[in-house]
Amino acid sequence: MKIIAISNNKGGVGKTTSTVNIAAALQILGKKVLVIDMDHQAQSTYHLGVQSNKLKRSIYDVLKGELPYGDIMIDRNGMHLLPASPDLKGLEFLPIPAKEFLLRDALADLDDYDYTLIDCPPSLGVLTLNALTFAQEIYVPLQVQFLPFHGMYNLFEAAEMVKKRLNKSIEITGIIATMYNANKTINREVLEETKKRLPGKLFETLIRENVSLQEAPSWGKTIFEYKPDSSGAIDYMELTKEILVRSA
Ligand SMILES: Nc1ncnc2c1ncn2[C@@H]1O[C@H](COP(=O)(O)OP(=O)(O)O)[C@@H](O)[C@H]1O
Ligand SMILES: [Mg+2]
């Protein structure tokens, strides 16, 4: 079983889009997939067609130890989802010791999945720390329209800290270039710079800018359900095949 956290402390870089659509592509390719939404904004829950504000129970109740994860699991045509809800934000303020281990402890007997993908919030707070403590690998979506390295170094530092103190096996193993536009010089510059500074991390497949990827969430559909012929669908399928090779 592979457990991958999709993380970047910057918002709007494509974490949720990547989590949902890589999960969908993995499922199409015959893998058993679980998505865990660790963002209190519950965007991947929403993207997968679940109204998080109507949920009575979410991953929050599991983290607090009040429910087994099986009680909140949603089966979405074979893809499984542990949904988030807005109250997840409150985890930060609960007087629980060693809070970074809540996810790992709650899911200790999880073994049924080929791939577990965790969508992280845009911060390095306790929710992300829970994801990085449980995961084996981190994929970082990188919006190639800006020079975003400063933010990324914070994530690299956080990953080092987690490795030292919480989870020896965690590694940043992949960088996903998102919202790529070949006509913009800055995009190519960011790609070159990433390859130079972080050799071997960048996936070869570039996720192009694609409006269908923006539209799909409001329909509660993955890109493969919404517009299977779009460049977004083609790119995420290509990327996922690369992931299968890399993580084999
Ligand atoms: N390749 C893409 N092309 C165009 N829009 C994209 C692409 N990837 C993501 N988006 C849009 O950009 C916004 C931020 O993406 P999202 O995945 O929610 O980022 P994050 O989870 O990192 O905050 C969303 O509106 C999303 O639909
Ligand atoms: Mg998100």
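**The largest pocket and its surroundings**

Guide: Three helices each supply at least two residues of the lining of the largest pocket: H1 (15-28), H2 (43-47) and H8 (211-215). Helices (H or I, at least four residues) and strands (E, at least two) are DSSP runs, numbered from the N terminus. H1 gives the most to this lining, with 3 residues.

This is a predicted model, in which local features need pLDDT of at least 70, side-chain atom pairs count only at pLDDT 80 or more, and totals for chains, interfaces and linings use all residues. Residues are numbered from 1 along each chain as its sequence is written, chains are lettered from A and ligands numbered from 1 in the order in which they are written, and side-chain values use heavy atoms, without hydrogens or water.

The volume of the largest pocket is about 520 Å³. A pocket is an open set of points on a 1 Å grid where a 1.4 Å probe fits, with protein on both sides within 12 Å along at least five of seven lines; lining residues have an atom within 4 Å of a point. Points are joined across faces, edges and corners, and the volume is the space filled by probe spheres set on them.

In total, 24 residues line the largest pocket. Those nearest its centre are Gly-12, Val-13, Gly-14, Thr-17 and Met-179. By class, the lining divides into 11 polar, 8 nonpolar and 5 charged residues. Here Ala, Val, Leu, Ile, Met, Phe, Trp, Tyr, Cys and Pro count as nonpolar, Asp, Glu, Lys and Arg as charged, and the others, Gly among them, as polar.

Take Met-179 next. Met-179 sits in the loop between E7 and H7. Its relative accessible area is 26%, so Met-179 is partly exposed. The cut-offs are under 20% for buried and over 50% for exposed, with partly exposed in between (1.4 Å probe, protein chains only). The backbone of Met-179 stands out too: phi is positive, about 55 degrees, although the residue is not a glycine. Most residues other than glycine have a negative phi.

Ala-42 is a second case. Its phi is also positive, about 55 degrees, and Ala-42 is not a glycine. Ala-42 lies in the loop between strand E2 (33-37) and H2. Ala-42 counts as buried because its relative accessibility is 1%.

Back to Met-179, which is one of the residues in contact with Ile-207. Contact means heavy atoms within 4.5 Å. Ile-207 has its place in the loop between helix H7 (185-197) and H8. With 2% relative accessibility, Ile-207 counts as buried. Leaving aside neighbours within four places in sequence, Ile-207 also contacts Ile-176, Ala-177, Thr-178, Tyr-180, Leu-213, Asp-235, Tyr-236 and Leu-239. By contrast, 33 Å separates the C-alpha atoms of Ile-207 and Glu-92, which are 115 residues apart along the chain.

Ile-176 is in strand E7. Its relative accessibility is 0%, so Ile-176 counts as buried. Beyond four places in sequence, Ile-176 touches Ser-18, Ile-22, Tyr-139, Val-140, Pro-141, Leu-142, Phe-203, Ile-207 and Leu-239.

H8, one of the lining helices, holds Ser-212. Ser-212 is buried because its relative accessible area is 8%. Its contacts, not counting residues up to four places away in sequence, are Ile-223, Tyr-226, Lys-227 and Ser-230.

Now helix H10 (residues 231-246). H10 has 16 residues and reaches 22 Å from its first C-alpha to its last. Its buried residues are Ser-231, Gly-232, Ala-233, Asp-235, Tyr-236, Met-237, Leu-239, Thr-240, Glu-242 and Ile-243. The cover over them includes H1, H8, helix H9 (223-226) and the strands E5 (115-119), E6 (137-143) and E7 (171-178).

Another helix, H5 (residues 126-134), is mostly covered, with 8 of its 9 residues buried. They are Val-126, Leu-127, Thr-128, Asn-130, Ala-131, Leu-132, Thr-133 and Phe-134.

Last, the whole protein. Its secondary structure comes to 10 helices and 7 strands. Of its 248 residues, 54% are buried. Among contacts with a separation of 6 or more, 78% join residues 24 or more positions apart. Along the principal axes, the C-alpha atoms fill a box of roughly 50 × 40 × 30 Å.

Conventions
Expected span 1.5 Å × (residues − 1).
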